[in-house]
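I'll start with the surface and then pick out a couple of residues.

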Amino acid sequence: MRTIDTFKIGDSDSFTKTVTEADVVLFAGVTGDLNPAHTDEESAKKSMFGKRIAHGMLSAGFISAVLGMKIPGPGSIYLSQELKFVKPVFIGDTVTATATVSEINLEKNRLKLDTTVTNQNGDVVVTGSALIMPPKAE
C-alpha cells in the first residue's frame, strides 16, 4: 500500500486490455445502456463510424483499473474524474489506460493524475484528469 508521501510528480502506471464482444455486451447489460451504436451491428453500419463502438464509459472504466489497482493503488478513494472522449473504440481494439501524477497535496491527502486512454495505434481515445485520496499511513 502506497501512501501520499511515496509519490512524486511524473509517477505513472498503466493497464492494457483488448476490448471484446463480451465486454461490450456485459457493460450494456450491467449499465442498461443498450444504445444501438454499441449493440446493433446493422444500425451501427449506418452510423458515422460504420460499425459498432464500445461504450465510452467502458474505456473510462479502464482508468479506474489503473487508479484502484496500480497508481495510487488499492485502498485509494476515487473522488472525481474529468473526461473527454476523443475517438471511438471498436471491438477488437487494444487500449491502454495511463495515469500520471501531476499534483500532490500532502495537507489534504490528494493526488491529481492526468489520465489518458490510447488505442493500439497510439491514438488518444479518452483524456482527462482524476482526483484521488490515497490510503493514509497507519
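This is a predicted model: local features need pLDDT of at least 70, side-chain atom pairs count only at pLDDT 80 or more; totals for chains, interfaces and linings use all residues.

**Surface and overall layout**

I looked up the accessible surface of the chain: about 7,500 Å², of which 55% belongs to carbon and sulfur atoms (Shrake-Rupley method, 1.4 Å probe; for residues, only the protein chains shown count as cover). Numbering runs from 1 along each chain as its sequence is written, and side-chain values use heavy atoms, with hydrogens and water left out.

I noted four helices and five strands (DSSP runs numbered from the N terminus: H or I of at least four residues for helices, E of at least two for strands). From the N terminus on, I read the order as β-α-α-α-α-β-β-β-β. The C-alpha trace spans about 55 × 30 × 20 Å along its principal axes.

**Ser59**

Next I checked Ser59, which sits in helix α4 (residues 56–69). Ser59 counts as buried because its relative accessible area is 2% (buried is under 20%, exposed over 50%, partly exposed in between; 1.4 Å probe, protein chains only). Leaving out residues up to four places away in sequence, I found Ser59 touching Val89, Val117 and Val126 (contact: heavy atoms within 4.5 Å).

**Leu106**

Then I went to Leu106, in the loop between β3 (94–105) and β4 (110–118). Leu106 has 58% relative accessibility, so I logged it as exposed.
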